[in-house]
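Subject: Handover of a structure and summary of findings

Dear colleague,

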Amino acid sequence: GITGGCNVAGTEFCPTKQVTRAEMATFLAKAFKFAASQTDLFVDDGDSIHQANINVLGAVKVTSGCDAVKKLYCPASFVTRGQMATFLRRAMD
């Protein structure tokens, strides 16, 4: 239940496709079953289907976004392996 797939029907996994920061937020929010957040923490995720999960990660301090001063999350940017390791570590703490 962590990922529904990479296509609209949810029938494909796409193992070689890169993961965006927005998708990563949904993976982690589901995997760690974080509680929903009512606070909109970032200004650049309003049109993302992952917005609720992005805000969850901000609320539980897994991320402060890609630019905390400007309140940006950069949902379309890709996650490096190093960034993913950092997000996972924070989520586990």
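The notes below set out what was found, element by element.

Please bear in mind throughout that this is a predicted model.

**The nonpolar core**

The largest nonpolar core is made up of 12 residues. They are Ala-22, Met-24, Ala-25, Leu-28, Phe-42, Ile-54, Leu-57, Val-62, Tyr-73, Val-79, Phe-87 and Ala-91. Helix 1 gives the most, with 4 residues.

Setting aside neighbours within four places in sequence, Met-24 is in contact with Val-19, Leu-57, Tyr-73, Val-79, Met-84 and Phe-87.

**The helices**

In helix 1, the buried residues are Arg-21, Ala-22, Met-24, Ala-25, Thr-26, Leu-28 and Ala-29. These residues pack against helix 2 and helix 3. Just after helix 1 comes Lys-33, which takes a positive phi of about 50°.

Helix 2 has its own buried residues, namely Asn-53, Ile-54, Asn-55, Val-56, Leu-57 and Gly-58. Helix 1 is included in what covers them. Just after helix 2, Lys-61 has a positive phi of about 65°.

In helix 3 you will find Gln-83. Gln-83 counts as partly exposed because its relative accessibility is 33%, which lies between the cut-offs of 20% for buried and 50% for exposed. Between the C-alpha atoms of Gln-83 and Ala-36 there are 23 Å, and the two residues are 47 residues apart along the chain.

**Aromatic pairs**

The structure holds 2 aromatic pairs. In one of them, Phe-32 and Phe-34 are stacked, with 5.7 Å centre to centre and 15° between the planes. Phe-32 counts as partly exposed because its relative accessibility is 30%. Phe-34 is likewise partly exposed, at 22% relative accessibility.

Phe-42 and Tyr-73 form a tilted pair, at 5.3 Å centre to centre and with 55° between the planes. This pair links distant parts of the chain: Phe-42 lies in the loop between helix 1 and helix 2, Tyr-73 lies in the loop between helix 2 and helix 3, and they are 31 residues apart. Phe-42 and Tyr-73 are both buried, and both belong to the largest nonpolar core.

**The largest pocket**

The largest pocket has a volume of about 510 Å³. It is lined by 19 residues, of which Thr-3, Gly-5, Cys-6, Glu-23 and Phe-27 are the closest to its centre. By class, the lining has 9 nonpolar, 7 polar and 3 charged residues.

**The segment before helix 1**

Phe-13 is found in the segment before helix 1. Is this residue, Phe-13, buried or exposed? Phe-13 is exposed, because its relative accessible area is 60% and the cut-off for exposed is over 50%. Leaving out residues up to four places away in sequence, Phe-13 touches Thr-3 and Cys-6. Thr-3 and Phe-13 are 10 residues apart in sequence, and their C-alpha atoms are 8.5 Å apart in space. Thr-3 and Cys-6 are also among the residues closest to the centre of the largest pocket.

Cys-14 has its place in the segment before helix 1 as well. Cys-14 is partly exposed, with a relative accessible area of 27%.

**Positive phi values**

Most residues other than glycine have a negative phi. Cys-14 is not a glycine, yet it has a positive phi of about 60°. Lys-71, also a residue other than glycine, has a positive phi near 60°. Lys-71 sits in the loop between helix 2 and helix 3 and counts as partly exposed because its relative accessibility is 48%.

With kind regards

Definitions and conventions:
Residues are numbered from 1 along each chain as its sequence is written. This is a predicted model: local features need pLDDT of at least 70, side-chain atom pairs count only at pLDDT 80 or more; totals for chains, interfaces and linings use all residues. Side-chain values use heavy atoms; hydrogens and water are left out. On a 1 Å grid over the protein atoms alone, a cavity is a set of points where a 1.4 Å probe fits but cannot get out, and a pocket is an open set with protein on both sides within 12 Å along at least five of seven lines; lining residues have an atom within 4 Å of a point. Grid points are joined across faces, edges and corners, and a volume is the space filled by probe spheres set on the points. Ala, Val, Leu, Ile, Met, Phe, Trp, Tyr, Cys and Pro count as nonpolar, Asp, Glu, Lys and Arg as charged, and the others, Gly among them, as polar. A nonpolar core is a set of buried Ala, Val, Leu, Ile, Met, Phe, Trp, Tyr and Cys residues joined through side-chain atoms within 4.5 Å. Buried means under 20% relative accessible area, exposed over 50%, partly exposed in between (1.4 Å probe, protein chains only). Helices (H or I, at least four residues) and strands (E, at least two) are DSSP runs, numbered from the N terminus. Contact means heavy atoms within 4.5 Å. Rings of Phe, Tyr and Trp (its six-membered ring) pair if their centres lie within 6.5 Å; planes under 30 degrees apart count as stacked, over 60 as edge-to-face and the rest as tilted.
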